[in-house]
Amino acid sequence: MAESYQTREEVPTENTWDLTVLFESDDVWEKEFKAVEEELTKIEALKGTLADSAESLVHAINTIASVSRKLSNVYTYSHLKYDQDSTNSTYQSLDARSTQLYSRFSELTAFFQPELLAIPEDKLNSFIESNATLQDYRQYLDNMTRQREHVLEPSQELLLAQVSEILGSASKTFGVLNNADLRFPTVEDSSGEKVQLTHSIYGKLLESTDRRVRRDTFKSFYSTYDQFKNTMASLLSTNIKAHNFSAKARNFSSARQAALFANNIPESVYDTLLEAVGERLPVLHRYVALRKELLGIEDLEMYDMYTPILGEVPLAFNYDEAKAITLEALAPLGEDYVDIIKKAFDERWIDLYENKGKRSGAYSSGTYDSNPYILMNWQDNVNWLYTLVHELGHSAHSYLTHANQPYIYGNYSIFLAEIASTTNENLLTSYLLERYTDPNVRLYILNHFLDGMKGTVFRQTQFAEFEHFMHTSEAEGKPLTQAFLSENYQAMNEKYYGPDVNSNSEIALEWSRIPHFYYNYYVFQYATGFAAATALSQKILSGDKESLNQYLTYLKAGESDYPIEIMQRAGVDMTQKDYLVSALDVFENRLDEFEKLLKDQK
Ligand SMILES: [Zn+2]
């Protein structure tokens with residue numbers, strides 16, 4: 001059994017992360033905190049100097065970068081310490097102080113980008129030509145100034161800044177309503193016990209093997225949204241209007257163009273995703289039909305989509321076994337990569353077990369100067385093995401980026417982040433399929449993959465398609481009423497899941513409870529990322545050295561170029577369909593094997 005400790009002090013040191021590498025002690029942290037506080041005053045003096053000369057521009061960039069680098073160490077130490085035990089009052093205070101320091105830094109540096117944008121293009125170019133350091137910063141400067149044509153006159157900018165809070169108020173109100181004010185009913189669980197529904201309990205109960213529980217949960221949960229459906233439509237509609245308005249105000253042709261512009265992603269990436277996934281929906285329908293068959297249900301409902309279809313899990317690993325499997329599963333990434341993973345294990349990058357007050361879930365976090373630490377709440381099961389390789393994917397990505405890029409290119413965009421982690425998950429799936437011949441184990445692993453792709457590629461593409469539909473409908477002047485949204489959501493659900501599941505149900509109201517619809521063209525990245533990772537892992541596993549080297553260039557690139565260009569060099573052109581087709585082929589092949597194994601068992 002995996003351990004779970006009462007107090008932080010009980011956890012054996014070897015299973016905790018070693019934060020002394022970041023700061024030897026709280027006292028050393030305290031000194032650095034004061035130093036950063038003092039350095040903040042230097043930033044104020046930079047205001048109004050950027051256009052003076054190439055040298056003064058370099059000085060400003062370097063000064064801000066140097067403060068930001070130290071500040072991120074200070075901030076990260078306190079937030080990691082806080083997350084390991086949020087009941088510790090010392091670290092509550094350290095964390096609150098460094099959060100405050102961060103917001104002071106943000107305020108002080110707010111002048112930088114507008115002032116940089118105010119430098120005429122010709123002048124900035126001549127600065128760059130004349131200065132070697134600025135030439136190294138070319139990509140950084142290009143990224144900071146490429147929205148030049150979308151910046152308005154100062155008086156208009158001021159107006160937009162003043163209304164920005166109002167434009168975000170529908171989203172904020174939805175959050176308050178959804179998270180704080182909505183009261184959900186109670187339902188009886190499988191033992192007849194009354195359970196208060198919440199967002200997280202809803203998800204858990206939908207996985208129940210008792211169909212009565214699933215049905216009651218689904219119907220009760222949606223009965224609450226049904227009461228507020230017109231309010232929800234009004235909030236969502238206002239939010240979409242705000243996106244369309246902001247895009248128009250800044251001379252973008254659509255909200256989607258504006259949102260994707262933030263990462264310099266062409267809209268073709270989005271269209272290609274919808275098109276490629278749309279063409280392969282019959283394969284998802286096959287998976288749904290199989291679920292219906294395995295559950296032995298005549299009238300499959302949307303509340304039957306999350307219950308396990310295979311019974312008891314035939315696999316479990318303790319942490320030592322998981323480490324050994326991880327090293328073998330990631331071996332196709334080459335010796336250098338595996339050495340990084342060994343470092344993570346040997347140099348205590350990982351905070352492994354649960355203890356009282358520790359933050360739940362898992363993440364990878366660190367700074368340019370620190371180890372890329374991993375927070376876990378390890379349990380001896382397959383899901384946590386997947387989480388381990390996933391977070392190690394993020395950490396190795398950070399490690400390689402920091403080792404190969406200067407500080408100003410030392411981050412990577414969200415669009416690219418999940419590719420590194422899910423490539424590792426895909427390598428693990430392939431490894432497990434190679435290792436296990438027992439049909440029950442294979443069925444379980446195959447289903448883990450199929451389920452993952454259903455949730456990450458198909459479901460997120462469905463959301464992306466609906467999100468785009470709402471924005472374009474609103475731009476065409478169609479009122480986004482409750483009836484309009486429900487009718488179209490139901491049709492889209494039917495399109496995605498096919499004829500074997502009933503879409504004429506409460507699911508038509510799903511749009512009313514999805515926070516992602518307030519994110520502004522965000523979810524498509526989950527789908528493109530997972531698909532790219534699936535395609536890349538196939539290339540890596542083919543054993544072709546060139547493919548591996550290309551993949552490693554992506555892990556080392558940071559922000560030295562734009563995401564689409566980085567992926568192109570990694571061997572995936574995300575403006576073209578091929579990578580999606582290749583990922584969906586993997587889905588179909590594994591579904592074939594899944595069906596065959598089931599047939600053989602009969
Ligand atoms: Zn991740």
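This is a predicted model: local features need pLDDT of at least 70, side-chain atom pairs count only at pLDDT 80 or more; totals for chains, interfaces and linings use all residues.
## The N-terminal record span

The end C-alpha atoms of residues 115-184 lie 50 Å apart, and this span is 77% helix and 0% strand. For residues 115-184, an unreviewed UniProt entry gives the feature "domain: Oligopeptidase F N-terminal".

## The catalytic record span

UniProt, again in an unreviewed entry, places "domain: Peptidase M3A/M3B catalytic" at residues 205-584. Between the end C-alpha atoms of residues 205-584 there are 30 Å.

## How the chain divides into domains

The domain assignment gives two domains for the chain. Domain 1 covers 8-151, while domain 2 is put together from 243-249, 252-318 and 404-602. Taken over C-alpha atoms, the centres of domain 1 and domain 2 are separated by 34 Å. Which residues build the contact can be summarised by count: 14 residues come from domain 1 and 12 residues from domain 2.

An open sheet is formed by 3 strands in the order 4-7-6, with mixed pairing. Its edge strands are strand 4 (350-351) and strand 6 (363-365), each of which pairs on one side only.

How do strand 6 and strand 7 pair, and over how many bridges? Strand 7 spans residues 373-375, and its pairing with strand 6 is antiparallel over 3 bridges.

## Helix 23 against helix 24

Next comes a pair of helices: helix 23 (residues 545-557) and helix 24 (residues 563-570) have axes that come within 7 Å and cross at roughly 150°. Angles over 145 degrees count as roughly antiparallel, so helix 23 is roughly antiparallel to helix 24.

On the helix 23 side, the contact involves Q550, Y551, T553, Y554 and A557. Across from them, helix 24 contributes I566, M567, R569 and A570. Sorted by class, the contact of helix 23 with helix 24 holds 6 nonpolar, 2 polar and 1 charged residues.

Most residues other than glycine have a negative phi.

N251 is not a glycine, yet its phi is positive, near 65°. You will find N251 in the loop between helix 12 (229-249) and helix 13 (255-261).

And where is N520 placed? N520 sits in the loop between helix 21 (482-497) and helix 22 (524-541). Its phi is also positive, at about 70°, although N520 is not a glycine.

Definitions and conventions:
Residues are numbered from 1 along each chain as its sequence is written. Side-chain values use heavy atoms; hydrogens and water are left out. Two strands pair if DSSP finds at least two bridges between them. Helices (H or I, at least four residues) and strands (E, at least two) are DSSP runs, numbered from the N terminus. UniProt positions are given in the numbering used here, feature names are shortened, and annotations may be inferred rather than shown by experiment. Axes are lines fitted to C-alpha atoms, for helices over the stretch in contact, and angles run from 0 to 180 degrees between N-to-C directions. Angles under 35 degrees count as roughly parallel, over 145 as roughly antiparallel, 65 to 115 as roughly perpendicular and the rest as oblique. Contact means heavy atoms within 4.5 Å. Ala, Val, Leu, Ile, Met, Phe, Trp, Tyr, Cys and Pro count as nonpolar, Asp, Glu, Lys and Arg as charged, and the others, Gly among them, as polar. Domain bounds come from an automatic or database domain assignment.
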